[in-house]
Amino acid sequence: MVQYLETDVLIIGSGGAGMYAAIAAADHGANVLLLDKSIVGRSGATIMAQMTVAAAVGEEEPDDWRFHLKDTIAAGRDLVDEPLAKILCQRAPEKIWQMEEWGVGWARSGNHLTQVHAPGHDRKRCVYVDFLNTGPATARTLRNQVRKFDNIRRVSDLIVTDLVLQDGRAAGAVALHLETGQAVTIAAKATVIATGGLTSMYNRNSASANMGGDGYALGLRAGAELIDMEFVQFFPIGHLAPRMTGMDPIMWDPFRYKLGGRLLNGKKEEFTQNYGAPEDGKYVVTRDAATYAIFKEVEAGRGSPHGGAWLSFEHIPEADLRAAFGPVIDKLANNGIDLTKMAIEVAPIAHYHMGGLRTDDSLATTLPHLFATGEAVGGANGANRLSGNAISETFVFGELAGRSAAALSHSAMPDIHHAAQPFLDIIAEASNRAGGGMTPTAAIASLQTIMAEDVGPFRTADGLRRALDNLAQLAATLPELPTGGAMAFNQQLADWFGLRNMLVVARTIATAALARTESRGAHQREDHPGLDQAWTYNQVVRLDGDDIRLFRSEVRRLAQEELA
Amino acid sequence: MSERLTTNLKIRRGTPGDAEAYDVIEFEFEAGQSVLDALRWIRSNRDASLAVRYSCINANACKECVMRIDGRTGYACTTALKPGEMLIEPLPNKRLIRDLVTDTLPPDERLA
């Protein structure tokens, strides 16, 4: 039996952006269905963010959203969609105050919010929640607000497998209920993709389990366009070893800057200076330079035991460590890590995806009645995201997408029973594939290795072609991969649908990366070093049958007077 | 590299109607690795049908991987593996769905 649901606004994904969109849509009178493939408000990237949120609230020193916009555009290496970035920077401050009113509890010094100076910003602009608690506090605050609305229905463990169209518009979706294996048809007047990015497609990442590019694949298959897919941000000093739990793997960064943590190779020697980026006792080697130096050192056989670099605080007096790390020192001790006696290992890890669904200024995608929000929106960060902008965009783009989608509540409820059938057939077929052989779960691990080896931060034409070949071979096995057959909470089946999405999204990244014969921001081609002005274009991706079509698009700019 | 240790995870399997059954799976680990590391390895390398709820993997932020470990309620992601044998079971006070997954959702978040 196929269950049927209908709603004004369907929101797929319930991290910060999905929840903010739900609140905004409900506040504008729409009935909202907020779905998550895991647990509403707990899964996704937001809850893991331990760091900061950029907004020109000017609490520490005078600031203006135009300064924030200037920094955002500079970080994006000339590819930022400026109208989208303007929306982000201009509206971020009001969202910070809205969250404060809702009780998030931004860190304060005396009578004002504390703001720190994060890399790439021209001043102290980033708010946070102590201690390393920004994401959990944000998620909790938004969950509490979502619960206040009778017109938001939340459903956990519901995996959207395909969008359904009617008359060329997004008209809802087909989904798999993880607990029962039951298929669900959902009619919706408007649909919002809030599924985050794609970093769990890489074997080393800072992502939760559900950041596999689902929303991009849903949009692509339904006919929407993606933009800037080649730009995957790697974080240079993600935690690698010893095994550390209960902490965000990107936590070391501020401590390295604050205390002067030393980056060392496998022989415990400083090495960044060999790649033109000396530490000079200041420890401000940029992210791209640090990533490059670590990769090259590992390649030359001088990596740390687990294949990264050492990060050492052993030269720092214990009292200084305790002052800087605060209660984090105890969490480290629980993991058997004593920074006075040992170095830890770090390596570049996939952290954020700049690309995503191509939208206009209302966050409408190129497919009518389909919207995107949060990390799933492409363009606002260009070739490289400024630190602190990720949570800002969950708030600003969440509110905007929710409001834009709610404006379609007056349209007629689509009838998707007929159009949903082919997608229900896919669920039925996939659910009945017992048997042996490579599981989708193992195949995802293979895909993560392919992506890490040849579609990581440093790329070559040969490597990208090899990745496309390997992805094609893996894709050829997809129709036969066993899903375990019918059973409750069948994650093997969920993995099959996840892999199906990852395979198409992986091809878009590799294809766009192969075409871009220059190095810019997060996309570095070893066979095409240096930025090429002729490549000051965004690349747009569309699916044509099973073929990926790539074309160039002019970067959207603001008029000079709007920036002044 | 640190020393390799071995543990045998005795994992409760099945759905509410099934007879009580356990799988014992050996896992080699390094000190500091978590119970969730082992369960995820089992899903990728031994038995993808093992049902275990998790999301954030590392951060102890999502609180989804709550289960019974050696008779005590805890999070698989922050419970360190120990050599010898470990008993891994679903929460006893929640409705069992399958294997290690119980119904931990708020009542108004279920698909009715």
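Chain A is divided into domain 1 (3-232 + 351-417), domain 2 (236-349) and domain 3 (433-534). The model described here is predicted. The centres of domain 2 of chain A and domain 3 of chain A, taken over C-alpha atoms, lie 29 Å apart. Chain A also meets chain B, with 39 residues of chain A in contact with 33 residues of chain B.

**Where chain A touches chain B**

- On chain A, the elements that give two or more residues to the side touching chain B are helix H4 (134-146), strand S7 (152-155), helix H12 (440-454) and helix H14 (491-515).
- This side of chain A is made up of 17 nonpolar, 16 polar and 6 charged residues.
- A:Gln492 has its place in helix H14 of chain A.
- Not counting residues up to four places away in sequence, A:Gln492 touches B:Ala48 and B:Ser49 as well as A:Thr439, A:Pro440, A:Thr441, A:Thr483 and A:Gly484.
- A:Gln492 has 22 other C-beta atoms within 10 Å and is therefore buried, since the cut-off for a buried residue is 20 or more.
- Between the C-alpha atoms of A:Gln492 and A:Thr366 there are 33 Å, and the two residues are 126 residues apart along the chain.

**Two packed helices**

- Two packed helices are described by the angle between their axes and the distance between the axes.
- In chain A, helix H3 (residues 82-101) packs with helix H10 (residues 389-406) at an angle of about 90 degrees, and their axes are 8 Å apart.
- H3(A) is therefore roughly perpendicular to H10(A), a term used for angles of 65 to 115 degrees.
- H3(A) brings A:Ile87, A:Leu88, A:Arg91, A:Ala92, A:Lys95 and A:Met99 to the contact, while H10(A) brings A:Asn389, A:Ser392, A:Glu393, A:Phe395, A:Val396, A:Glu399 and A:Leu400.
- Sorted by class, the contact of H3(A) with H10(A) has 7 nonpolar, 2 polar and 4 charged residues.

**The largest nonpolar core**

- In soluble globular proteins, nonpolar side chains tend to be buried together.
- The largest nonpolar core here has 209 residues, and those touching the most other members are A:Val9, A:Ile11, A:Ala22 and A:Leu447.
- H14(A) gives the most to this core, with 14 residues.
- Leaving aside neighbours within four places in sequence, A:Val9 is in contact with A:Ala25, A:Ala30, A:Val32, A:Ala188, A:Ala190, A:Val192, A:Ala405 and A:Ala406.

**A partly exposed residue**

- A:Asp288 is found in helix H7 (residues 287-299) of chain A.
- A:Asp288 counts as partly exposed because it has 19 C-beta neighbours inside 10 Å, and a buried residue needs 20 or more.
- Although A:Asp288 and A:Gln524 are 236 residues apart along the chain, their C-alpha atoms are separated by 9.1 Å.

**Backbone details in loops**

- The peptide bond from A:Ala241 to A:Pro242 is cis, with omega near -5 degrees.
- A:Pro242 lies in the loop between strand S12 (232-241) and helix H6 (252-259) of chain A.
- A:His369 is not a glycine, yet its phi is positive, at about 70 degrees.
- The loop that holds A:His369 runs between strand S16 (356-357) and strand S17 (370-372) of chain A.
- With 24 other C-beta atoms within 10 Å, A:His369 is buried.
- B:Asp99, also a residue other than glycine, has a positive phi near 50 degrees.
- In chain B, B:Asp99 lies in the loop between strand S6 (96-98) and strand S7 (101-102).
- B:Asp99 is buried, with 28 other C-beta atoms within 10 Å.

Terms used. Residues numbered from 1 in each chain as written. Chains lettered and ligands numbered in written order. Predicted model: local features only at pLDDT ≥ 70, side-chain atom pairs only at ≥ 80, totals over all residues. Contact = placed C-beta atoms within 7 Å. Helix = DSSP H or I, 4+ residues; strand = E, 2+ residues; numbered from the N terminus. Nonpolar A, V, L, I, M, F, W, Y, C, P; charged D, E, K, R; others polar. Domains from an automatic or database assignment. Axes fitted to C-alpha atoms, helices over the stretch in contact; angles between N-to-C directions. Parallel < 35°, antiparallel > 145°, perpendicular 65-115°, else oblique. Core = buried A, V, L, I, M, F, W, Y, C linked by C-beta atoms within 7 Å. Buried ≥ 20, exposed ≤ 12 C-beta atoms within 10 Å, placed from the backbone.
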